[in-house]
Amino acid sequence: MQHNRIDYEVIYRPIKYPRIELKTGKIVVILPEGHDPRQVLQKHEKWIRDKLNIITKALSETKEKLLVSRSRNDLKEIVERFARSYEKELDVTIDKIFIRRMKTKWASCSSKHNLTVNELMKYLPEQLIGYIVYHELTHLIEKKHNEKFWKIISRKYPDYRELESQLLAYWFLIMKTLA
């Protein structure tokens with residue numbers, strides 16, 4: 001399907017509110033039965049175009065990236081080292097660290113202070129692993145990605161926007177390599 005030359009897929013589900021997903025670089029409009037996808041696309045056209053530009057840039061940057069080869073145990077040791085260091089720095093505590101394959105994110109930190117990292121992080125440069133761990137531990141101070149959150153992040157990582165861009169490029173590279 002197309003809308004103003006934007007390719008998209010429509011999925012109808014028993015949900016209350018429409019949403020747009022771009023997780024794979026492809027636009028998926030998820031709608032309650034009876035909703036017109038054109039209205040949702042029109043309302044969010046600028047946001048969609050901005051996101052597609054970011055994805056296009058990330059895809060072009062994959063050509064410059066190389067995946068790191070390390071074991072799951074090596075990843076766990078690196079994550080634990082960063083986590084213990086950042087616990088002190090941020091004055092937070094984490095309980096357990098889990099490594100799991102996750103479909104849509106690099107990591108998460110639960111309200112029970114458990115850090116779960118995506119096994120795919122083993123392909124990332126160590127600097128990006130450290131950034132992800134710091135990002136997640138910052139959520140123990142500020143849950144939302146708001147101004148306060150990014151202010152804390154920028155004290156340690158003033159170049160966080162560039163790191164986020166690199167993470168997106170690596171995500172697409174890993175997905176392409178594992179496909």
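Author: Let's start with pockets. On a 1 Å grid over the protein atoms alone, a pocket is an open set of points with protein on both sides within 12 Å along at least five of seven lines, and its lining residues have an atom within 4 Å of a point. This is a predicted model, where local features need pLDDT of at least 70 and side-chain atom pairs count only at pLDDT 80 or more, while totals for chains, interfaces and linings use all residues. Residues are numbered from 1 along each chain as its sequence is written, and side-chain values use heavy atoms, leaving out hydrogens and water.

Reader: Which residues line the second largest pocket?

Author: Its lining consists of K23, T24, K103, T104, W171, F172 and M175. The second largest pocket holds about 160 Å³, a volume being the space filled by probe spheres set on grid points joined across faces, edges and corners.

Reader: What volume does the largest pocket have, and which residues lie nearest its centre?

Author: The volume is about 920 Å³. Of the 24 lining residues, T104, K105, W106, E164 and L168 lie nearest the centre.

Reader: Which element gives the most to that lining?

Author: Elements here are DSSP runs numbered from the N terminus: helices (H or I, at least four residues) and strands (E, at least two). For the largest pocket, α6 gives the most, with 5 residues. At least two lining residues come from each of α2 (45–61), β6 (107–109), α4 (126–138) and α6 (160–178).

Reader: How should I read a nonpolar core, and which residues have the most contacts inside the largest one?

Author: Think of buried Ala, Val, Leu, Ile, Met, Phe, Trp, Tyr and Cys residues joined through side-chain atoms within 4.5 Å; buried means under 20% relative accessible area, with a 1.4 Å probe and protein chains only. The largest core here has 39 residues, and W106, M121 and L124 have the most contacts inside it. A second, separate core of 14 residues includes I20, V29, L41 and F172.

Reader: What does M121 touch?

Author: Contact means heavy atoms within 4.5 Å. Beyond its neighbours within four places in sequence, M121 is in contact with R70, L75, V79, W106, A107, I129 and I132.

Reader: Is I153 buried or exposed?

Author: I153 sits in helix α5 and counts as buried because its relative accessibility is 0%. Setting aside neighbours within four places in sequence, I153 contacts Y131, Y134, H135, T138 and Y160. I153 and H135 are 18 residues apart in sequence, with their C-alpha atoms 6.7 Å apart in space.

Key: 1 Å grid on protein atoms, 1.4 Å probe; cavity = no way out; pocket = protein on both sides within 12 Å on 5 of 7 lines; lining within 4 Å. Buried < 20%, exposed > 50% of the residue type's maximum accessible area, 1.4 Å probe, protein only.
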